[in-house]
Amino acid sequence: SIRHVGDRPRVDPPRRPSCVRPMSIRAAHRVCAGQPWTKTALGGRRAAAHARTSQARAKSLCRQHRAIEQASHQQQHRQYRHHRSIVAPWCVQVVGPTSTSVSLVEAPLIPQDWNNTAVLIDKPPGWTSHDVCAKLRNRVKLKAGHAGTLDPAATGLLILCFGKGTKSINFFQGLDKSYTGDLRLGEGTGSYDAETPVEVTSAWDHITDDDISAASKTFLGDILQTPPMFSAIKKNGVRMYKKARRGEKIHLEPRPVRIEAFDVWRNPGEDPQILHFSVKCSKGTYVRSLVHDLGEKLGTYAHMLSLRRTCIGSYQVDKAWNLENLVEKIESSQKEAEEFTSGG
């Protein structure tokens, strides 16, 4: 019907039949899923009208609702990507086999989405590998794992995988590792490093540079290595370092490892008892045991003073994130994203 209001005609909307009720979005989804629209029993003419119109109206309403939501999400996504591309550009580098490819995160960039990523971390001293993993897991809210344990006193490259990227942990663990460090001749400890007190001493000043070079070359290639008692290896479900701290002595079977390179040298003008080394080795190699075995080969004792992992495969510690800097970057980017989405 048309009614005139002043000089302008006014068209009234068509009246809805009394037997057809307004349909909400929730009711439309119920109808499309084959569920009843209402619990109220309908009979006679009302039931026939409901049957003719409810399904078509529900499908149309659901299509409109999905289109509106999709357009809204796409607009928000475009704005968010533009905002994040300014404050946090993303490095896309695919590594690993095609079945377990993962995006690598190198400093100074961070990803928009941490799922299916592997980040290079320069582990600080005093942190266990599990501590570093937990620190970042709490920030990104995804499952996480590390690809190769570093002792708490050691520093250097640690690769952490997040979300679907944890499927690539075995790939990173299987890569060769490179280390640098220092050792002291003539002193032996129970843990083969400086974390436990010196237990035995022996003469060392008769050892020449040529002796050191010749002894280090005997470890190249495939060898059998006995792990140290102070290690994370489990024996009957208990970590070996726990047994060692209780004073237990347990024989560990030698394990096959491969030493690709092992260079040991003295620096002129420094303490001749202190040696420096670099080693490239396979998965499962204990550098502490390598240092201990070198001392035995030289007819004395030796223990490791410091250790730094410089490479895992082709990935270098020079491109790794400092842990504290990465945590600050994640927290600041999350804060900016919250302010952006909230309209602040």
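1. Cover over helix 5. In this predicted model, the buried residues of helix 5 are covered by elements that include strand 14 (255-265), strand 15 and helix 7. The buried residues in question are Ile 212, Ala 215 and Ser 216, within a helix that runs over residues 209-217.

2. One side in, one side out. An α-helix has 3.6 residues a turn, so residues three or four places apart point the same way. Which exposed residues does the face turned away from the buried side of helix 5 carry? That face has Asp 210 and Lys 217.

3. Thr 285, location and burial. Thr 285 belongs to the loop that joins strand 15 (274-281) to helix 7 (287-297). Both of these elements are among those covering the buried residues of helix 5. Is Thr 285 buried or exposed? Its relative accessibility is 11%, so Thr 285 counts as buried, the cut-off being under 20%.

4. Thr 285, partners. A polar atom of the Thr 285 side chain lies 3.0 Å from the backbone oxygen of Ser 282. Beyond neighbours within four places in sequence, Thr 285 is in contact with Gln 225, Val 257, Arg 258 and Ile 259. For orientation, strand 14 spans 255-265.

5. The largest pocket. Its volume is about 1200 Å³. The lining comprises 37 residues. Nearest the centre are Thr 149, Leu 150, Asp 151, Ala 232 and Tyr 286. By class, the lining holds 14 nonpolar, 13 polar and 10 charged residues.

6. What builds that lining. Helix 3 (129-140), strand 8 (177-185), helix 6 (240-245), helix 7 and strand 16 (302-312) each give at least two residues to the largest pocket. Which element supplies the largest share? Strand 16 does, with 3 residues.

7. Strand 9 (187-189) and strand 10 (198-201) each contribute at least two lining residues. The classes are 10 nonpolar, 6 polar and 3 charged.

Technical notes:
Residues are numbered from 1 along each chain as its sequence is written. This is a predicted model: local features need pLDDT of at least 70, side-chain atom pairs count only at pLDDT 80 or more; totals for chains, interfaces and linings use all residues. Side-chain values use heavy atoms; hydrogens and water are left out. Helices (H or I, at least four residues) and strands (E, at least two) are DSSP runs, numbered from the N terminus. Buried means under 20% relative accessible area, exposed over 50%, partly exposed in between (1.4 Å probe, protein chains only). A polar contact is a pair of N or O atoms within 3.5 Å; within protein, one must be able to donate a hydrogen and the other to accept it, and residues adjacent in sequence count only if both atoms are side-chain atoms. Contact means heavy atoms within 4.5 Å. On a 1 Å grid over the protein atoms alone, a cavity is a set of points where a 1.4 Å probe fits but cannot get out, and a pocket is an open set with protein on both sides within 12 Å along at least five of seven lines; lining residues have an atom within 4 Å of a point. Grid points are joined across faces, edges and corners, and a volume is the space filled by probe spheres set on the points. Ala, Val, Leu, Ile, Met, Phe, Trp, Tyr, Cys and Pro count as nonpolar, Asp, Glu, Lys and Arg as charged, and the others, Gly among them, as polar.
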